[in-house]
Amino acid sequence: MNKYFHSVILDSEKCTGCTNCMQKCPTEALRVKDKKAIILNERCIDCGNCIIACPYHAQKAVAENLDALKNYKYKIAIPATTLYGQFMSEVNVDTILQSVKDLGFDYVYDEVIGSDLARILIKNYIKIHGNNTKPLISSHCPSITRLIQSKFPTLMNNIVKIESPMEIAARLVKLKIKEKYGYELSEIGVFYITPCPAKITSIKNPIGIKKSYVDGAISINEIYGDIYKNIKKNRGKETENFMSGSTQGIEWALAGGQSKSLNLTNYIVVDGVENACKIFEKIELGKLNHIDYVEALACTGGCVGGALNVENPFVAENNFRNLLKENKDGITINEKYAIDLCKAGFVCWTEELIPKEIDELSSDIRIAFKKMEKINKLVKELPGLDCGSCGSPTCQAFAEDVVNGLSSIEFCVFSKNNDTQGYDNK
Amino acid sequence: MSLVNSEAGLIKLEYDIVQNDFSRAGEASSNLKKVLKQLGVPHQIIRRVAIAAYEAEINIVIHSNGGKITAKISPEYIVLIAKDNGPGIKDIKLAMTEGYSTASNKVREMGFGAGMGLPNIKRCADVFDIQSKKDSTQVTIKISFNLE
């Protein structure tokens with residue numbers, strides 16, 4: 001497996017080299033070279049901002065399609081909770097789950113059950129660690145966890161080391177089906193219907209655990225049309241009575257839903273990678289030691305803002321409000337059962353998070369120091385416009401790229417020998 | 001006192017700090033943090049530098065008529081010099097007491113001025129020095145990278 005697997009990839013035929021994605025990338029993971037965007041894998045946190053920013057739809061996520069189902073004897077779908085907000089009102093959870101099942105799955109399991117179990121574990125985690133570590137940081141958003149890993153490694157200890165609802169749901173359902181029908185785990189295929197490129201990455205390169213129980217991910221936008229057709233067919237009709245989670249758990253699709261469901265009072269909810277960075281800066285400075293919990297989410301509005309959704313996040317939020325009015329709570333999870341699963345290492349992190357040194361110029365400080373001197377000298381010669389024409393997001397990043405051998409000074413439009421990436425010879 | 005052995009071979013960074021400009025306070029600290037990460041300085045040491053720089057920035061913003069923070073970085077250590085343009089500290093010993101502050105109510109309402117600034121800087125520093133006259137206060141600190 002590729003050491004730096006990323007779900008976000010570029011369709012270079014569609015890419016025009018326009019620099020829109022590069023300017024929107026919060027971790028400076030994009031460059032434009034030879035009129036095509038390239039992704040610097042070690043810097044990418046799979047937030048999907050580039051997918052949203054690209055006017056030519058050249059940025060996308062590698063996901064499976066429904067063909068992948070045929071590799072398994074028993075096929076299970078776990079739709080991300082966000083899916084429930086993708087359709088206008090008058091649709092209930094059962095109708096949506098039935099419509100997903102009709103795509104060719106043998107079983108559909110509600111991710112919210114995973115959220116409900118996670119809620120018990122997070123409450124318990126706060127009880128144990130909350131007095132010594134302030135603030136604790138939610139691990140719900142994998143992009144945020146990757147951001148902390150590469151940009152704020154001193155905060156890794158603040159992260160709540162509980163698995164995501166997706167992973168918990170996958171583990172519960174896979175064992176349940178194995179027990180009930182006697183399949184081998186390898187014969188059961190669990191597919192996550194995802195709004196989020198970072199979740200796809202977490203399946204291949206999980207954080208905090210050795211191996212994911214999810215076997216593949218299908219983007220919501222890939223199968224939205226098929227689900228929608230089934231919803232039209234199923235609307236108003238009898239459906240299966242699916243096992244589902246709580247109304248509080250459904251709200252995890254919205255920013256702040258998690259904190260609300262934990263009955264917290266002294267917390268911060270922040271969405272957007274840049275906003276999250278500002279909060280993390282403050283935590284590193286010791287200015288938020290009075291806060292209990294930080295729910296940080298990479299996308300606008302939380303998971304409803306995920307790059308692979310179809311519905312506008314603000315409309316989706318309203319859809320959720322309508323859905324929640326009608327929703328009945330599903331199963332209740334026994335607290336002891338949840339905590340025992342955690343003690344067994346089944347639903348919480350077992351692996352340590354290791355910092356990623358993406359900014360380091362060299363592992364030898366003397367070499368890094370020499371590079372830094374060159375960068376500072378070069379920055380003074382650059383115009384400081386951050387225009388992006390050179391293929392790097394800012395003049396500072398360009399100077400770093402030149403010194404690191406990733407770019408060349410003549411790509412600056414103000415350089416005497418520039419050929420502006422060949423744009424003037426169009 | 002001179003904490004810097006020689007000017008040559010040092011990376012020198014300067015940040016102007018404007019009196020009463022709370023919205024920009026933190027920029028110097030944030031920028032320094034990035035530079036030290038690029039050099040590969042251990043994270044816990046970077047955090048100490050960032051806290052010291054931030055508190056020094058805030059002190060200049062709240063208490064002075066503006067000033068400047070200068071960072072001198074070598075492969076072994078960083079020296080931060082926070083120099084302002086007055087009005088000076090009357091009683092340094094008192095100013096170094098945790099919880100003592102001359103900040104106005106307005107500033108405290110904004111969440112600053114808890115009287116922890118100077119003690120915090122001292123706690124983060126390996127070497128700490130403060131000099132104050134009527135027209136200027138200078139805080140100088142040194143933090144070693146402890147790489148070997």
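Over all chains of this predicted model, the count of salt bridges comes to 23. One of these joins the side chains of Asp359(A) and Arg43(A), with a nitrogen-to-oxygen distance of 3.3 Å.

Lys101(A) is classed as buried because its relative accessible area is 18%, under the 20% limit, whereas Glu240(A), with a relative accessible area of 36%, is partly exposed.

In chain B, the side chains of Arg48(B) and Asp126(B) meet in a salt bridge with an N to O distance of 3.0 Å. Here the linked parts of the chain are helix α2 of chain B, which holds Arg48(B), and the loop between α5 (117–124) and β4 (127–133) of chain B, which holds Asp126(B), the two residues being 78 places apart. Both partners count as partly exposed, Arg48(B) at 25% relative accessibility and Asp126(B) at 42%. Salt bridges with shared partners also occur, and they join Arg43(A), Lys151(A) and Asp359(A) into one network.

Lys151(A) is in turn among the buried residues of α5(A). Ten of the ten residues of this helix (residues 142–151) are buried, and the helix is therefore largely enclosed by the rest of the structure. The buried residues of α5(A) pack against β7 (136–137), α7 (197–204), α11 (273–284) and β11 (293–297) of chain A, and also against α1 of chain B.

The contact between the chains involves 27 residues from chain B and 24 residues from chain A. About 2300 Å² of area is buried between chain B and chain A, with carbon and sulfur atoms giving 56% of it. Five salt bridges are found across this interface, and 13 residue pairs are in polar contact between the two chains, both residues of each pair being at pLDDT 80 or more. On the side of chain B that touches chain A, β1 (11–17), α1 (27–39) and α2 (43–63) of chain B each supply at least two residues, and α1(B) gives the most, with eight residues. A salt bridge is also formed between Glu281(A) and Lys33(B), with the closest N and O atoms 3.0 Å apart.

Elsewhere in chain A, Leu103(A) lies in the loop between α3 (93–101) and β6 (107–108) and is buried, with a relative accessible area of 18%. Apart from residues up to four places away in sequence, Leu103(A) touches Leu66(A), Ile223(A), Asp226(A), Ile227(A) and Asn230(A). The C-alpha atoms of Leu103(A) and Asn230(A) are separated by 8.3 Å, although the residues are 127 places apart along the chain. On the surface, Leu385(A), Val413(A) and Phe414(A) form a nonpolar patch with about 290 Å² of accessible area together. Phe414(A), in the segment after α15 (395–403) of chain A, is exposed, with a relative accessible area of 53%.

Technical notes
Residues numbered from 1 in each chain as written. Chains lettered and ligands numbered in written order. Predicted model: local features only at pLDDT ≥ 70, side-chain atom pairs only at ≥ 80, totals over all residues. Heavy atoms only, no water. Patch = residues over 30% accessible without salt bridge, like charges linked within 9 Å, V, L, I, M, F, W, Y side chains within 5 Å. Areas by Shrake-Rupley, 256 points an atom, 1.4 Å probe, with all protein chains shown as cover. Salt bridge = Lys/Arg side-chain N within 4 Å of Asp/Glu carboxyl O. Helix = DSSP H or I, 4+ residues; strand = E, 2+ residues; numbered from the N terminus. Buried < 20%, exposed > 50% of the residue type's maximum accessible area, 1.4 Å probe, protein only. Contact = heavy atoms within 4.5 Å. Buried area = accessible area lost by both parts, 1.4 Å probe. Polar contact = N/O pair within 3.5 Å; in protein donor to acceptor, adjacent residues only side chain to side chain.
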